[in-house]
Amino acid sequence: MTHDVVIIGGGSAGYAAARTASDEGADVGIIDHGPLGGLCILRGCMPTKTILRSSDVMSLMNRAEEFGLKPVPAKADLSAIISRKAHLIGEFANDRIQALKDSLFTLYEERAAFLSPHEIQVGSHKLTAKAFIISTGSVVSRVPISGLEEVGYLTSDEALELRDVPQSMIVLGGGPVALELAQFFQRIGTLVTLIQRSAHVMSQGDEDLAHPVEARFREEGMTVLTNTRLHRFTQDGTHKVAHLTHEGKEKTVSAEVILQALGRRPNIESLNVEAARIEVRQGKIAVDDTMRTSQPHIYAVGDVNGLHEIVHIAIQQGEIAGWNAIHPRTSPRRYDDRLKTQVVFTDPQIAGVGLSEKECRSRKIPYRVATYPFADHGKSLTLGETHGHVKLLASPENGKILGAHIVGPEAAELIHELIAVMYYQGTVHDVARMPHYHPTLAEIVTYPAEELAGLINSGSAVQRGKDSTALFTGDVHP
């Protein structure tokens with residue numbers, strides 16, 4: 001059987017590619033062996049955000065006296081939380097299933113493997129196409145730590161199905177999945193120990209964005225061990241024991257269960273990409289900014305290319321690939337990560353767009369930076385949400401915003417104003433001049449913007465440590 005485009009994987013990126021190609025008049029085949037719906041809907045962002053809402057409400061209930069209210073004992077019913085999640089996810093998944101089964105597409109609910117760069121085996125079918133788009137997502141990484149496989153652990157998939165609250169849990173990892181689930185279980189009554197190898201959680205980002213989250217976790221009773229080296233795991237009766245080095249000292253930590261949240265890897269093992277003669281680097285399908293692989297008629301989008309494991313970016317990549325697959329000889333659409341955005345839905349939330357300080361320094365990009373704390377902001381004080389700060393990075397020459405980062409209340413929502421400003425190549429002068437209603441959380445972004453605008457206008461150089469601003473000239477000093 002022949003199609004214009006064959007898409008392998010019907011998740012967020014794959015469906016975006018299919019819809020885009022179909023809108024351009026293509027005959028589209030979609031291969032997905034199921035369960036239909038994709039990682040985001042079934043086991044990722046939607047189920048985690050659903051259960052986090054429950055633990056956020058419980059946290060507020062436990063703070064009743066802080067707001068002049070008589071305390072009400074709050075106890076989590078994990079089974080009821082999971083039932084609510086299952087109901088909502090069922091509705092979300094059903095919408096995606098109906099979309100995939102639309103008559104616009106031919107859906108093959110089978111596994112796929114390449115036979116050559118131009119032919120693919122799908123169950124009993126052999127399919128050819130003018131273009132292929134690989135969108136098979138990712139799977140949990142297996143980490144070679146002595147004894148870990150033997151004592152056993154939960155992945156995020158299993159954690160999202162638990163109906164009994166564990167008494168204690170060791171969480172391995174410091175990325176978004178580890179942080180969100182660690183705080184969820186701590187808040188519903190599990191004694192959590194978070195173990196992170198790097199010096200701070202969210203190790204790819206700036207350290208100052210991690211510290212407010214770590215502080216909040218510790219306030220809530222979680223043990224957070226950073227800068228830690230894991231040696232091995234053993235079993236002691238009903239408990240699993242981690243043997244580690246922390247702050248130069250050997251120690252052990254034990255818990256009823258382990259949550260292994262040390263990352264994911266592209267799901268390509270069964271695709272037989274060797275037959276397609278596609279270049280793979282460090283387990284990831286290599287692509288250019290048009291989403292093309294080393295085979296010009298084969299594209300790879302979403303988690304499978306390892307660029308960014310973020311849903312809206314996967315959708316954007318899918319749309320780019322879907323267009324380019326149908327218009328290979330016209331000016332191609334390209335992915336630009338200038339506005340790359342990430343959000344972690346902890347409390348406080350972490351959100352960022354554009355460049356971090358780490359990235360500016362590694363690329364030797366000059367920047368000015370200013371921060372402002374929520375602990376000195378009127379609306380956040382009235383809400384009792386004072387952890388964190390806002391940080392803006394701007395060009396020293398003209399004030400153009402290079403990056404914006406928020407750790408604090410409603411950071412996931414607040415970051416979108418700064419995304420919009422950056423989309424239109426805006427400056428700190430624009431943010432400072434834009435009217436902001438008082439009292440709102442949103443007006444906090446004007447304070448670092450005003451500070452930077454004044455410094456850039458005056459040309460003053462302010463060194464980090466004197467106040468909330470700093471200048472980096474692009475020269476890397478020890």
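Residues are numbered from 1 along each chain as its sequence is written, and side-chain values use heavy atoms, without hydrogens or water. Because the model is predicted, local features need pLDDT of at least 70 and side-chain atom pairs count only at pLDDT 80 or more, while totals for chains, interfaces and linings use all residues.

Two packed helices are described by the angle between their axes and the distance between the axes. Helix 1 (residues 12-23) and helix 10 (residues 311-326) pack with axes 7 Å apart, at an angle of about 35°. Helices (H or I, at least four residues) and strands (E, at least two) are DSSP runs, numbered from the N terminus. Axes are lines fitted to C-alpha atoms, for helices over the stretch in contact, and angles run from 0 to 180 degrees between N-to-C directions. The crossing is right-handed; here the near helix is turned clockwise from the far one by less than a right angle. Contact means heavy atoms within 4.5 Å. On the helix 1 side, the meeting residues are S12, A13, A16, A17, R19, T20 and A21. Helix 10 contributes V311, A314, I315, G318, E319, G322, W323 and I326.

A salt bridge joins R19 and E319, at 3.0 Å from N to O. E319 lies in helix 10 and R19 in helix 1, so the pair ties together parts 300 residues apart in sequence. Salt bridges require a side-chain nitrogen of Lys or Arg within 4 Å of a carboxyl oxygen of Asp or Glu. E319 is partly exposed at 30% relative accessible area, and R19 is partly exposed at 28%. Buried means under 20% relative accessible area, exposed over 50%, and partly exposed in between (1.4 Å probe, protein chains only).

The count of salt bridges comes to 23. E357 and K391 form one, at 3.0 Å from N to O. E357 lies in helix 11 (residues 357-363) and K391 in strand 22 (residues 389-394), so this pair links parts 34 residues apart in sequence. Both residues are buried. A further salt bridge joins E220 and R216, at 3.5 Å from N to O. E220 is partly exposed at 22%, whereas R216 is buried at 5%. Both belong to a salt-bridge network that also links D56, R63, E66, R187, D347 and E385.

V57, M61 and V72 make a nonpolar surface patch of about 230 Å². Patches are made of residues with over 30% relative accessible area and no salt bridge; like charges are joined within 9 Å, nonpolar side chains (Val, Leu, Ile, Met, Phe, Trp, Tyr) within 5 Å. Accessible areas come from the Shrake-Rupley method with a 1.4 Å probe; for residues, only the protein chains shown count as cover. V72 sits in the loop between helix 3 (45-62) and helix 4 (78-100). V72 is partly exposed, at 49% relative accessibility.

Most residues other than glycine have a negative phi, and most peptide bonds are trans. The G34 to P35 bond is cis, with omega near -5°. P35 lies in the loop between strand 2 (28-31) and helix 2 (39-43). The H438 to P439 bond is also cis, with omega near -5°. M202 has a positive phi, near 50°, and is buried at 15%. K364 has a positive phi of about 60°, and is exposed at 54%.
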